[in-house]
Amino acid sequence: MASTKPLSRFWEWGKNIVCVGRNYADHVKEMRSTVLSEPVLFLKPSTAYAPEGSPVLMPAYCQNLHHEVELGVLLGRRGEAIPEAAAMDYVAGYALCLDMTARDVQEECKKKGLPWTLAKSFTSSCPVSAFVPKEKIPDPHALRLWLKVNGELRQEGKTSSMIFSIPYIISYVSKIITLEEGDLILTGTPKGVGPVKENDEIEAGIDGVVSMTFKVERSKH
């Protein structure tokens with residue numbers, strides 16, 4: 001798929017980060033939520049991107065920052081109302097991503113019926129790996145994701161356990177939000193989410209494909 005911009009640096013120019021919540025049943029259970037008939041969607045701004053080499057910033061207003069490891073899907077061209085059967089033709093590649101979440105803030109937002117923006121969309125809330133071309137992952141539903149904090153395994157899951165498949169998600173999202181080249185869709189996290197603190201080291205990977213490491217720092221503002 002020919003690109004007019006370097007997908008290898010998608011975080012510098014990609015516009016939209018669309019995130020799917022509650023897409024692994026075991027994570028839904030650990031969060032004491034319910035499985036829904038349609039995906040839960042929320043957005044992150046492009047300034048949420050944190051490529052490897054930059055820190056994960058813990059917001060000053062957050063006391064309980066959680067890690068969530070996810071497979072990210074990179075769009076290679078513009079599309080709206082994409083048929084599910086054609087959805088994979090719009091995929092340029094993948095990235096391993098973290099959906100960093102201010103859990104204490106999210107819980108307050110849920111209680112008050114407020115959006116999750118403060119909990120999910122802060123600066124550096126979307127650490128990402130290097131771009132992985134589509135050809136390197138023949139089946140994105142046959143991957144093992146893992147995450148360690150200070151060397152301790154915290155999260156482990158298989159993308160085959162997704163409730164909503166990648167083609168379904170692309171089609172569903174594109175009926176609501178016109179997707180553009182360089183847009184990223186986060187496909188949900190498996191169980192094992194948990195807290196990190198200042199100076200912790202987060203290491204995450206997709207078996208046999210890519211890995212990444214980040215240090216947690218406290219934001220100065």
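**Figure 1. Strand β6 in the predicted model, a strand that is mostly covered.** β6 runs from residue 69 to residue 75, and seven of its seven residues are buried. Val69, Leu71, Val73 and Leu75 point one way from the strand. Glu70, Gly72 and Leu74 point the other way, and the residues of both sets are buried.

**Figure 2. The pairing of β6 with β7 and with β13.** Strand β7, residues 91–98, runs antiparallel to β6, and seven bridges join the two.

**Figure 3. An open sheet of five strands.** The strands follow the order β4-β16-β15-β11-β12, and their pairing is mixed. At the edges are β4 (56–58) and β12 (152–158), each of which pairs on one side only. From one strand to the next, the twist averages 20°. Within the sheet, β11 (residues 144–149) and β15 (residues 201–206) are antiparallel and share five bridges. One of the residues involved is Val149, whose bridge partner in β15 is Ile202.

**Figure 4. His141 and its contacts.** His141 is found in the loop between β10 (132–133) and β11. Leaving aside residues up to four places away in sequence, His141 touches Thr159, Ser160, Met162, Ser165, Ile166 and Pro167. Ile166 is 25 residues from His141 along the chain, and the C-alpha atoms of the two are separated by 8.0 Å.

**Figure 5. Helix α5, largely enclosed by the rest of the structure.** The helix spans residues 166–174, and it is described as largely enclosed because eight of its nine residues are buried. The buried residues are Ile166, Pro167, Ile169, Ile170, Ser171, Tyr172, Val173 and Ser174. What covers them includes β1 (17–21), β2 (40–44), β6, β7 and β13.

**Figure 6. Aromatic pairs, with Phe10 and Tyr49 as one example.** A pair of aromatic rings is described by the distance of the centres and the angle of the planes. The count of aromatic pairs in this model comes to five. Phe10 and Tyr49 form an edge-to-face pair, with 5.6 Å from centre to centre and 80° between the planes. Phe10 lies in helix α1 (residues 10–13) and Tyr49 in strand β3 (residues 49–51), so the pair ties together parts that are 39 residues apart in sequence. Phe10 is buried at 0% relative accessibility, and Tyr49 is buried with a relative accessible area of 9%. Together with Trp11, Phe10 and Tyr49 form one aromatic cluster.

**Figure 7. The aromatic pair of Phe42 and Trp116.** The ring centres are 5.7 Å apart and the planes meet at 55°, so this pair counts as tilted. Phe42 belongs to strand β2, whereas Trp116 sits in the loop between α3 (103–112) and α4 (117–120); the pair links parts of the chain 74 residues apart. Both Phe42 and Trp116 are buried.

**Figure 8. Two charged residues over aromatic rings.** Arg77 lies over the face of Tyr90, at 3.9 Å from the ring centre. Lys148 lies over the face of Trp146, at 5.4 Å from the ring centre.

Notes
Residues are numbered from 1 along each chain as its sequence is written. This is a predicted model: local features need pLDDT of at least 70, side-chain atom pairs count only at pLDDT 80 or more; totals for chains, interfaces and linings use all residues. Side-chain values use heavy atoms; hydrogens and water are left out. Buried means under 20% relative accessible area, exposed over 50%, partly exposed in between (1.4 Å probe, protein chains only). Helices (H or I, at least four residues) and strands (E, at least two) are DSSP runs, numbered from the N terminus. Two strands pair if DSSP finds at least two bridges between them. Axes are lines fitted to C-alpha atoms, for helices over the stretch in contact, and angles run from 0 to 180 degrees between N-to-C directions. Contact means heavy atoms within 4.5 Å. Rings of Phe, Tyr and Trp (its six-membered ring) pair if their centres lie within 6.5 Å; planes under 30 degrees apart count as stacked, over 60 as edge-to-face and the rest as tilted. A charge sits over a ring if NZ of Lys or CZ of Arg is within 6 Å of the ring centre and within 35 degrees of the ring normal.
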